[in-house]
Amino acid sequence: KAKLRFEVITTDDFLAIKETKERNKLAAMKLLILIAYYAYLSKQEYIPIVLTQMLQLTLQHGICNESCIALANSSYLLLQFKDVAGSKRLAELALLLLKKPQAKKYLPSVYAAVYSGVFCWYNHLKLSETLLWQGYQEGMLVGDIEFAFVNATASLQNRFLYGAQLTLLEQDIELCRKRMIEYGQASQFAICSPLQHAVSKLVYFTGDPLSETDNIIRKKETSELSLTKTNFMLDASIYFYFCIVEYIFGNYDSAADKTEERWIMEKECSRTSKYYGSTAFYDCLICVAMARKSKKEKWVTLAKSTRSKVKEFATFGENNCDHKCLLLQAEILDVEGNVEDASSCYDAAIDAAEKSGFVNEQAIASERAGDFYLRHGDTRSFHYYNKARDLYHQWGALAKADHLYKSTPS
């Protein structure tokens, strides 16, 4: 009921709600903020209860500075239930409250929830980068160190997802991780680690069993995977980045194994790790790869199911997902034997990814097109492989570009 009242309230009526001066209610809101944060890190099942209490206190006793956090976090939570319209409205109300001078100290936590949440469902991921970095800088200024680094981590993650230059991203990740150690931010340091390892592997991995760099990367991966099932946010991050990199390097069996493990974990936690459609996108690509390899119908069924999830995201954020949908359509058409339509879809996916500025996924689409033409004995495969190598270089995935050069005809 509290959520519904906030969703339908007009902006004028919202701003007309009185401010509470009751000291015990203000103290309760501050306490609930702390409980909500630690529940987010470890006991997510308690989050709806805590946030509902905060919204009800705001409605019954009046607005306070902490109300903006209740609204922003509720906005983030509603995305788990696919209530995107409700999430967007609560985010708008949270940002309205930030205009009150006394609420400015909560800007880092509000920005973290809004600009790593519903904002990225509607807008290109690149547009969130500056806003999240502003949340980081403001957090450092006002002493909200925890949420400063939550913003920083989200900004770095989004840069990876839209294909920012990897060598520059690697430098910024390393700088952030050093500052996380300096300020004792163990949880964000841990969440950021799988991202760093993914970037390192794409840039440096050689595939040589005698390579010292490769052995360091493998040991870090093994260590991280052995520590899963302790914290949903950390586990989701570990599985997500591991599976992306394994897929990109063509290690489909290990990618599929960990994807299935993540699905089980998500059922147990009653939560999913969406990453604005990227999780379902790579899940689908992995399923298609396994369908080709194993010839089992189960993987085709799973591919179609995960593709439908990406389509849901595309209804909100076409800049982030149109090219994803086109590539998945091409891959499934190819598996089903529809060669002519698949061919045109690969080209459409490559063009759409270029238009949206996702150089990483443009490279993947080009490589998949090369595979497609090679399977059908068409010499156009050389063109697409060369294009993919150039795009991987542009992204900064030098190790992957070298891997593609060695594993495909030129």
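Student: Where is leucine 161 found, and why does leucine 161 count as buried?

Tutor: Leucine 161 belongs to helix H10, residues 145–162; helices are DSSP runs of H or I of at least four residues, strands are runs of E of at least two, and both are numbered from the N terminus. Buried means under 20% relative accessible area, exposed over 50%, and partly exposed in between, with a 1.4 Å probe and protein chains only. The relative accessibility of leucine 161 is 3%, so leucine 161 is buried. The model is a predicted one, in which local features need pLDDT of at least 70 and side-chain atom pairs count only at pLDDT 80 or more, while totals for chains, interfaces and linings use all residues. Residues are numbered from 1 along each chain as its sequence is written, and side-chain values use heavy atoms, with hydrogens and water left out.

Student: Which residues are in contact with leucine 161, leaving aside neighbours within four places in sequence?

Tutor: With contact taken as heavy atoms within 4.5 Å, leucine 161 meets Leu125, Phe240, Tyr275, Tyr276, Ser278, Phe358, Asn360 and Glu361.

Student: How does one know whether lysine 295 is buried or exposed?

Tutor: Lysine 295 has a relative accessibility of 70%, and therefore counts as exposed. Its loop lies between H16 and helix H17 (297–314). Lysine 295, which is not a glycine, has a positive phi near 65°.

Student: Why is aspartate 13 called partly exposed?

Tutor: Aspartate 13 has a relative accessible area of 47%, so partly exposed is the term that applies. Aspartate 13 is placed in helix H2, residues 11–15.

Student: What places alanine 103 among the buried residues?

Tutor: The relative accessible area of alanine 103 is 1%, so alanine 103 is buried. Alanine 103 sits in the loop between helix H6 (84–97) and helix H7 (107–115). Beyond its neighbours within four places in sequence, alanine 103 contacts Asn65, Cys68, Leu97 and Leu98. A separation of 7.4 Å lies between the C-alpha atoms of alanine 103 and glutamate 66, which are 37 residues apart along the chain.

Student: Why are H20 and H21 called roughly antiparallel?

Tutor: Helix H20 (residues 359–375) and helix H21 (residues 380–395) pack at about 160°, with axes 8 Å apart. Axes are lines fitted to C-alpha atoms, for helices over the stretch in contact, and angles run from 0 to 180 degrees between N-to-C directions. Angles under 35 degrees are roughly parallel, over 145 roughly antiparallel, 65 to 115 roughly perpendicular, and the rest oblique. H20 and H21 are therefore roughly antiparallel. The residues of their contact comprise 12 nonpolar, six polar and four charged; Ala, Val, Leu, Ile, Met, Phe, Trp, Tyr, Cys and Pro count as nonpolar, Asp, Glu, Lys and Arg as charged, and the others, Gly among them, as polar.

Student: How do you know that H17 and H18 are roughly antiparallel?

Tutor: The axes of H17 and helix H18 (residues 318–335) come within 9 Å and cross at roughly 160°. H17 and H18 are therefore roughly antiparallel to each other. Their contact includes Val300 and Phe313 in H17 and Leu328 and Ile332 in H18. It divides into 10 nonpolar residues, one polar and six charged.

Student: What makes the arrangement of H12 and H22 oblique?

Tutor: Helix H12 (residues 186–204) and helix H22 (residues 398–407) pack at about 45°, with their axes 4 Å apart. H12 and H22 are therefore oblique to each other. Lys201, Leu202, Val203 and Tyr204 of H12 make the contact with Leu398, Ala399 and Lys400 of H22. Five of these residues are nonpolar, none polar and two charged.

Student: Which residues have the most contacts inside the largest nonpolar core?

Tutor: They are Phe14, Leu71, Phe160, Leu166, Leu202, Tyr392 and Trp395, in a core of 133 residues. A nonpolar core is a set of buried Ala, Val, Leu, Ile, Met, Phe, Trp, Tyr and Cys residues joined through side-chain atoms within 4.5 Å. Helix H16 (residues 278–294) gives the most to this core, with 11 residues.
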